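Visitor: Could you pick one part of this model and take me through it closely? I'd like the cut-offs along the way, please.
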Amino acid sequence: MSISRRHAPADRPLAPTAPRRRPQLSAAAEGQELGGSANSSGPSVPSPRQAARVRPMRNWRPIAPAESHPLTDQTANARLQAYESAVKGAFDRIVPVLKRLSALQHEDGFVAEAQRHAEAELGFTLPESILEKAWVSQLDMRSLFAWCVFETYERVSETFFREDPLDCREGTPAAEAFNAFLLSSGFHLLDVTPCADGRLAHTISYALRLPFSSVRRRPHAGAMFDVEDTVDRWVKTEHLRYREGVPNQAYDPTRYLKVVVYHFSSIDPHHEGCAAHHSDDAAAAASGLSRLMDFQQAVENSFCCGASVDLLLIGLDTDTDAIRVHVPSSEGGTDLEHWLDAREVHAATLRMGAEAARVEIRSRVMAAAAATPDEGMVSLISRLVEHNISQIDYVRSYHGGAYADAGHAERFIGVGIGFKEIHLRNLTYFAHLDTVEEGAADLDVGVKIFTGLNVSRGLPVPVVVRFDYHGSVPGARQRALLQCRRTASAIEVRYAKLFDQGLLHTLLTLRDRDQHAPAETVGSSIQLEAQGGH
């Protein structure tokens, strides 16, 4: 059986877009040459582990793509890999291009040559006000690097909303089918909180293979979501059911399902687990369950027992993307010491037919429950495990069984509220917050991570500040704009040493969540004398 007990650790290019004009927020300090020395502020962390340090887990070997599981969706895997390769490749081409420009900066015709390289490799031209100063002194690589990261992010956002590469926007067949399945399982809303760690940013669309438009996602460091804020969102959901019958009538016997996704590392459990819980997966699971129970108790204390919610705790192995599910009983009990391991389910059903495998998965879900389980919960967990089987094969086919970037390798920090378009592993570290003071702990973790990733190499920390708003609400955009500016100013004050050295840059963005449209850029810390650019 696949009921586990806690044990000792054993390219497709993006469509190019024309450069946009971006208003300036404040001046950034003059930068230094790419890869040069830099004084860092804040605690230092080790650089990301190299692929050579990744070692096989005990009693496990990668399975060749030819041995993929009968339930694996190979078409979806190929599409998701193409998207991952295109987006990450767009970011990862920045440094090689800038290194080339660094070697050419004092040559005749440098500006034209630099623009030729940038347009050919990155798909956009660079701000000439930065390039034209190269003959006077060293090229301002810090500003140029941040500018390229921000430009690439904007293009990724535009592509996401224009092309729907995940094919899961609201109203698509995939979204409608899952919404119907969720209701049939007894749940009218799925609210998921993964850890803010960038290695979990793909939890919804990759690890669990759920339509992003069908899930409410709010990442928090350590998956420690704000209970009061979640209660407020529960109230809004129930009010919508009472007033408009969306997604179903209030008298229908469905529940609000709150899910926490904590994480752990099967390869290096003592170092690459959740930093918020000191790489202790037992503590991560226990803390996640405690926060879930606090939310449930808060709702029941305020709205009586008839307003109960259901809870689900899931662990994610950031090395293989395999999940383990703590299957609750129908009474809501969760056993922290037992779970259903999707990797073991994959192995046990590998050579079964598809329908036989589904029957076996359901049987194992029921057997893994803390006590007699709810039928709807069994159906949902069985679906999640089946979806995760595709992701296990995805990692085995395209990443050799375990990710080479076992540690942090994020490309930028996302701060604020939003980022609906981010669904890729290790692309973004996300600090969900309304104010910097409120989210200081999460933001400090992100800056600490990028001190090792970027500052140690003389590169700045790119921070995209984002606040979504409802365009249907009068004055909402202006309030979001003010909040965006206040947040950026607070970041510059909190990390003044980095900012003054040009080792931290911000991009300010807004998005109308009532529209299926990309984020709008409204400011930046990068100062350009000429019009245009960030």
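Guide: Let's start where helix H9 stops: the next residue, Cys304, has a positive phi, near 75 degrees. H9 itself covers residues 281-303; helices (H or I, at least four residues) and strands (E, at least two) are DSSP runs, numbered from the N terminus. Bear in mind that this is a predicted model, where local features need pLDDT of at least 70, side-chain atom pairs count only at pLDDT 80 or more, and totals for chains, interfaces and linings use all residues. Residues are numbered from 1 along each chain as its sequence is written, and side-chain values use heavy atoms, with hydrogens and water left out.

Between its ends, H9 has 23 residues and spans 33 Å from first C-alpha to last, close to the expected 33 Å, which is 1.5 Å times one less than the number of residues.

Which residues of H9 are buried? They are Ala284, Ala285, Gly288, Leu289, Leu292, Phe295 and Val299, where buried is under 20% relative accessible area, exposed over 50% and partly exposed in between (1.4 Å probe, protein chains only). For background, an α-helix has 3.6 residues a turn, so residues three or four places apart point the same way. The buried residues of H9 pack against helix H8 (227-244), strand E4 (255-264) and strand E5 (310-317); contact here means heavy atoms within 4.5 Å.

For context, here's a sheet elsewhere in the chain. Five strands make an open, mixed sheet in the order E9-E8-E10-E11-E12; two strands pair if DSSP finds at least two bridges between them. E9 (428-432) and E12 (520-524) are the edge strands, each with a single partner, so one side of each has no neighbour in the sheet. From one strand to the next, the twist averages 25 degrees. E8 (residues 412-417) and E9 run parallel, joined by five bridges, and Val415 has Ala431 in E9 as its bridge partner.

Helices lie on this sheet too. H5 (residues 141-163) packs on it, touching E8, E10 (461-469), E11 (504-512) and E12, with its direction at about 20 degrees to that of E11. H13 (residues 440-453) lies across E8, E9 and E10, running at about 160 degrees to E9. Those angles run from 0 to 180 degrees between N-to-C directions, with axes fitted to C-alpha atoms (for helices, over the stretch in contact).
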